[in-house]
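Here are my notes for a first look at this model. Please read them with the structure open.

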Amino acid sequence: MLVQNSLTRRLEEFAPMENGEVRMYTCGPTVYNYAHIGNFRAYAFEDILRRVIEFNGWKVRQVMNLTDVDDKTIRGANAAGVALADYTKTYKDAFFADLKTLNIESAEVYPAATDHIPEMIALVAKLVEKGVAYKSDDGSVYFSVRKFPGYGKLAHIDFDNQRTGARCLGDEYDKENVGDFALWKAWEESDGPVGWDSPWGRGRPGWHIECSAMSMKYLGETFDLHTGGIDNLFPHHENEIAQAEAATGKPFVKTWMHCAHLKVNGEKMSKSLGNFFTLRDLLEKGWSGREIRYVLINAHYRAGLNFAFTALEDARKSLARIDACVEKATDGEAPAWALKHLDDFTAAVNDDLNIPRAFAALFELVREANSKGAEGTLGVFQHMDKVLGLIFFGKGGKEEIPAEIQALLDQRAEARKAKNWAESDRLRDAIAAAGWLVKDSKSGQIASRI
Ligand code: AMP
Ligand code: ZN
């Protein structure tokens, strides 16, 4: 299995360091809003990566964090006048429902930042002790980038051409303005009730420290693989390396992988530009999780992907073509020509996750099965689907509505009868958070799996 390592900028042979198990950390969502499909491009890439590792016979221990305290979550909770934990719970639940919709395999651990404040404080204390971090006059603690000789090795920063020295309290900054970054932020008026006591006074962690603290807690001081979208590479991942390696003196991560952005009209899809679709937006327009997954994975992860509705239309047609063939496929011994396509498929996924080439092998299989007969090809489709996760997923087969969903539907029907629209909407969200979409029609509510 070959992968492109962002740290060395080379294609490298990949294998777990220990016991056939890959320890993998993926930066997860900031739960202040619904994730958009740009975010899900990153999570879909990580899902493919995880599945390809499993396809190669290794086990995966994946940790994905939930950022449930930062500037955005605090602002959202305080503006809504609710406790931070209540505010973020809505979006955590929605996130897990969305992962199901897209058939993204679950990570083994989803640690939330607010559950790991002591671990973060301990790590910051260690950095202060080692002299690479200091408390400033404003009561915040900063990492001194000049004290860590390896700073810049991931982003390949050339310090001689930098205006360095400034301090950054915000979590984001660019390569041209490298400065000491905040590990612990002193409490401010705008934080309202959010804050924890620490050796440096009341405050809250910076964003970067959570990933170093939680990854090392669950995966060890040195682990195999760390991933994210390309925008995470700097400063977030650079800072994670600095924090971890300055504290332990050991290499933090062997392989770093980053996916390119999902774009809209050539620009990164992002909340701040306002050019985004959430998964729910697309479901409401009648697209399925299966179709959206198809679009998100059918581009090389390091290539830009422009979002367009025509791509969803193409996905629908391609899936129909696959479905028609798979319906005819039977068990039994696979013909040699089918196995040849499986070999091509395997070579493609092991060549730095070349999913477009893997799809080409799948369509060669479909084409040949259509002309020669699909007897004995079922196992080949099933094998390919271990990586793709969409041939047999969400094909609209009727699934029984579970009792707890039915109870929510009944309550919602009551609320609608009483014209209590707020309650009706709240119940719709609760049903969606549990993975079901409800549509109102003349003949009542129609529920289907998202
Ligand atoms: P955030 O919630 O902004 O921290 O982002 C969560 C994940 O989504 C990170 O891995 C980001 O790099 C990734 N991400 C954000 N926007 C995009 C995009 N337009 N395309 C691909 N990945 C993205
Ligand atoms: Zn992270």
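1. Helices (H or I, at least four residues) and strands (E, at least two) are DSSP runs, numbered from the N terminus.

2. A word on the basis. This is a predicted model: local features need pLDDT of at least 70, side-chain atom pairs count only at pLDDT 80 or more, and totals for chains, interfaces and linings use all residues. Residues are numbered from 1 along each chain as its sequence is written, chains are lettered from A and ligands numbered from 1 in the order in which they are written, and side-chain values use heavy atoms, with hydrogens and water left out.

3. Which residues come nearest to ligand 1? They are G38, G229, D231, L262 and M269, out of 17 around it (a heavy atom within 4 Å). That shell divides into six nonpolar, nine polar and two charged residues, with Gly counted as polar. Helix 1 (37-55) and strand 10 (223-229) are the elements that give two or more residues to the shell. Helix 1 gives the most, with four.

4. Now the polar contacts of ligand 1 (pairs of N or O atoms within 3.5 Å). A nitrogen atom of the ligand is 2.7 Å from a polar backbone atom of L262. M269 has a backbone N or O atom 2.9 Å from a nitrogen atom of ligand 1. The side chain of N232 places an N or O atom 3.1 Å from a ligand oxygen. The protein covers 90% of the 490 Å² of accessible area that ligand 1 has on its own (Shrake-Rupley method, 1.4 Å probe).

5. Two backbone details deserve a look. F234 and P235 are joined by a cis peptide bond, with omega about 0°. P235 is in helix 6. N103 is not a glycine, yet has a positive phi of about 55°. N103 lies in the loop between helix 3 (84-101) and helix 4 (117-129).

Technical notes. A polar contact is a pair of N or O atoms within 3.5 Å; within protein, one must be able to donate a hydrogen and the other to accept it, and residues adjacent in sequence count only if both atoms are side-chain atoms.
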